[in-house]
Structures are given as C-alpha cells and as structure tokens.
Amino acid sequence: MEYRAVHAGAPAYLDAASATPLHPVARQALLAALEDGWADPDRLYSAGRRAQQLREAAQATVAELLGVRPDELSFVSSGTAAVHAAVLGGLAGRVRVGRTLVHSAIEHSAVLHAAAQGEAVPVGVDLLGRLDLDAWNTAVAAPGVALASLISASHEVGTVQPVAAAAEACAEAGVPLYVDAAQSVGRSPVPPGWSLLTASAHKWGGPPGVGVLVVRKGVRWLSPYPGDDRHRPRPTGALDLPAVVSAAASLRAVLGEAQTEAVRLSALVEKIRATVAATVPDVEVVGDPVERLPHLVTFSCLYVDGEALLHALDRHGFAVSSGSSCTASTLQPSHVLEAMGVLSHGNVRVSLHRGTTEADVDRFLAVLPGLVADIRKEAGM
C-alpha cells in the first residue's frame with residue numbers, strides 16, 4: 001500500500017516510549033568513544049586497557065545515577081535481553097524454593113514470554129491500570145514463589161505502579177522483586193526495595209542496543225544461558241562499548257533535565273487529555289490521570305480502526321503508535337488494555353520527548369478530530 005504525505009509543517013515524532021531521539025550529549029559521546037572504545041576490554045594490551053577504562057567509567061556513572069554499586073550493574077545487548085536475563089536468571093537462582101513467577105497482568109511482552117518458560121501467576125489491575133495490591137500480597141505469599149515482577153510504569157498507558165508497597169509485600173514473603181523500569185529511568189525515580197532492575201538506553205535518549213541489568217548484592221541469580229557458569233550477569237558476546245559510553249553520558253544529561261522536562265511535558269500531556277476528550281466524540285482517555293508518567297498518554301476511539309488511524313496520522317506527519325505497541329506486529333489486542341477492562345481496539349499512544357514543542361501538539365490536536373471523523377465515515381458510522 002502506498003502512503004502519500006499530506007502534512008503541513010515539519011513531521012512530529014511522538015513515539016518516545018518506543019525509542020527516544022538521540023540526546024545531543026549521546027551523539028557527542030558516541031563519536032568520541034568510537035576512537036578509543038573499539039578494542040576488547042578484556043585484553044591486556046594498551047588498546048584493551050583503554051577500552052576497559054571506558055567500560056568501568058561508564059559502569060560507575062550509571063551505577064551512581066541509579067544509586068547502586070558498580071559491581072551490581074551489567075550492560076547487555078538490549079532492554080529485552082536484560083529483561084530475559086533478569087527473569088530467567090532470577091528464577092534459576094531460586095529453583096530450590098519453587099518455579100513460580102508472580103507478575104502483574106500488564107507486564108511487557110518480554111516478561112510474559114520469559115514467564116512462559118515456567119509457572120506464572122498474573123495479578124490484575126483496576127480500570128486505571130493500577131496493580132491490585134491485595135491480590136498481589138496474597139499471590140507473593142503463596143508457597144513455591146521464586147520471583148515477582150512488576151513494571152515501574154505501564155509502557156502502554158503510563159500509569160505508575162505502587163512499587164514501594166509491592167516491594168514491602170515481597171520482603172515480608174522473602175521473595176525477590178524484579179522491576180522493569182524501561183519507561184521510568186531517566187524520567188522519574190524508581191522507589192527502593194527491589195532486588196533486580198532493568199532499563200533500556202534508547203528509552204531515555206541513549207543509543208539502541210544497550211540494556212542495563214542490576215542484581216542487588218545477596219540476590220541469588222544464575223545465568224540462564226548454556227555454557228556460562230558465571231554467577232554474576234555478563235553480556236553474551238562482545239559489548240558495544242561506544243554505545244555503552246554514549247548511554248552513560250546521555251543518562252547523566254537526561255537526569256539533569258528531568259525535573260524541568262517533567263513539568264513541561266506533563267502540561268502538554270494534560271492538554272492532549274483534555275482536548276481529545278472535548279473534540280473527539282466517543283473517545284476514552286485511558287490510564288491514571290494523576291499517578292502517571294509525565295510524557296505519555298493513550299486514548300481509544302470507538303468505531304475506529306487503530307491501524308487506519310495511525311496510517312492517517314503518519315500521512316499528516318505524526319509518528320505515533322498503538323497502545324498495543326509491543327504486540328503490534330501480531331495484530332493481537334493489547335493484553336494491557338484488556339487487563340484494564342477498557343477498549344482494546346482503536347488505540348493511539350502519544351509519547352513526548354525533549355524535542356516536542358507545543359506547536360507540534362497543537363497541530364496534532366487540530367488534525368486528529370477530522371481524521372477520526374473521516375475513518376468513521378468511510379466505515380459507514
């Protein structure tokens with residue numbers, strides 16, 4: 001199918017929850033690290049030692065910014081690789097206790113696929129996408145639970161989860177808590193109490209191909225990969241060191257701007273929430289209106305095919321994604337939206353970044369009602 005661009009003005013990228021444009025500091029650090037970060041950091045010659053210094057400096061920087069020890073943190077090849085290592089390694093380390101993973105029903109698909117390797121117990125959420133804490137407390141206290149998993153904030157609707165309260169329940173039950181913080185790191189603090197944590201650099205403005213895995217001291221973790229008997233996480237294969245250096249530099253820069261950007265982007269998201277509800281008939285804005293990420297909003301349009309709306313917005317210069325982004329390629333309804341009990345089709349997720357302007361948002365809000373009306377008209381509604 002051919003799509004013809006009909007937009008007026010510069011294209012607006014509004015899908016930061018999938019990948020945030022590279023921060024200027026990340027670009028500078030990446031180019032500089034290409035000069036010195038190409039050698040194997042585990043070798044003893046001078047180029048290798050220089051690469052090792054870069055790796056250790058990047059590791060120390062990210063550890064400091066996350067408030068953990070450098071030897072608790074590892075870089076891996078992606079956020080998904082970090083998620084799989086956290087879940088599978090956490091379960092392997094506690095196999096004598098049991099094989100059960102307790103997880104929220106709104107975890108990322110990477111967690112759900114890893115959970116399918118063993119026994120999984122999902123815990124539901126309410127209409128705003130907030131974890132059912134009573135059910136969580138009961139689930140983690142059951143016999144045979146090896147690990148619990150809770151996303152820090154929903155990647156589809158932005159609702160921030162009660163990580164601190166969930167961590168307390170896990171501590172009382174003696175169960176390690178894994179937190180997928182891909183959407184939070186670089187934007188808002190993650191409450192303490194967790195045992196394992198993962199993040200992804202390209203979600204905060206670093207380069208793609210860098211995942212972060214943290215395993216706190218005292219937590220039993222065993223490598224789930226064949227032929228690897230190390231008891232601390234390490235990447236499989238060669239590390240993309242220039243990208244790691246860039247990720248560390250960009251995280252420091254992003255956190256320095258986080259408070260100011262959170263205020264600015266929250267105001268733009270609030271504008272989207274209010275305007276969409278007022279100008280688009282039969283629309284449902286989903287997610288918690290207060291306890292939410294500052295940059296993300298999702299809404300569902302009744303009687304509208306979500307894919308058709310995404311393509312129409314693309315032709316007008318707006319890059320957004322569906323609320324079912326992590327399963328978009330399978331054309332399956334979003335498990336997150338289904339768990340919340342809200343509309344699971346016709347969804348649009350808008351996620352902003354440091355380059356998003358109010359003019360971008362105003363143009364989007366001006367175009368959207370007409371496109372929704374056109375699609376409904378073509379469908380005979």
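Ala-12 sits in strand S1 (residues 12-13), where strands (E, at least two residues) and helices (H or I, at least four) are DSSP runs numbered from the N terminus. The model is a predicted one, in which local features need pLDDT of at least 70, side-chain atom pairs count only at pLDDT 80 or more, and totals for chains, interfaces and linings use all residues. Residues are numbered from 1 along each chain as its sequence is written, and side-chain values use heavy atoms, with hydrogens and water left out.

Beyond its neighbours within four places in sequence, Ala-12 is in contact with Gly-317, Phe-318, Ala-319, Asp-360 and Arg-363, contact being heavy atoms within 4.5 Å. His-316 lies 304 residues away along the chain, yet its C-alpha atom is 9.3 Å from that of Ala-12.

The domain assignment places residues 12-21 + 258-379 in domain 1 and residues 24-253 in domain 2; such bounds come from an automatic or database domain assignment. Contact between the two involves 33 residues from domain 1 and 30 residues from domain 2. Taken over C-alpha atoms, the domain centres are 27 Å apart. About 2,400 Å² is buried between the domains, 55% of it from carbon and sulfur atoms; buried area is the accessible area (1.4 Å probe) that two parts lose on being put together, summed over both. Leu-293, Val-336 and Met-340 supply 22% of the area that domain 1 buries against domain 2, more than any other three residues.

Three strands can be followed next. Strand S6 (residues 177-180) pairs in the parallel sense with strand S5 (residues 145-151) over 4 bridges and with strand S7 (residues 196-200), also parallel, over 3 bridges; pairing requires at least two DSSP bridges. Leu-177 of S6 is the bridge partner of Ala-148, while Tyr-178 is partnered by Leu-196 in S7. Leu-177 and Val-179 point one way from S6, Tyr-178 and Asp-180 the other way, and all are buried. Together with helix H6 (residues 163-173), S5 and S6 make a right-handed β-α-β unit: with the strands pointing away from the viewer, the path from the first strand over the helix to the second runs clockwise.

Confidence is given by pLDDT, the predictor's score for each residue from 0 to 100. The chain averages 91, and 92% of the residues score at least 70.

Methods:
Buried means under 20% relative accessible area, exposed over 50%, partly exposed in between (1.4 Å probe, protein chains only).
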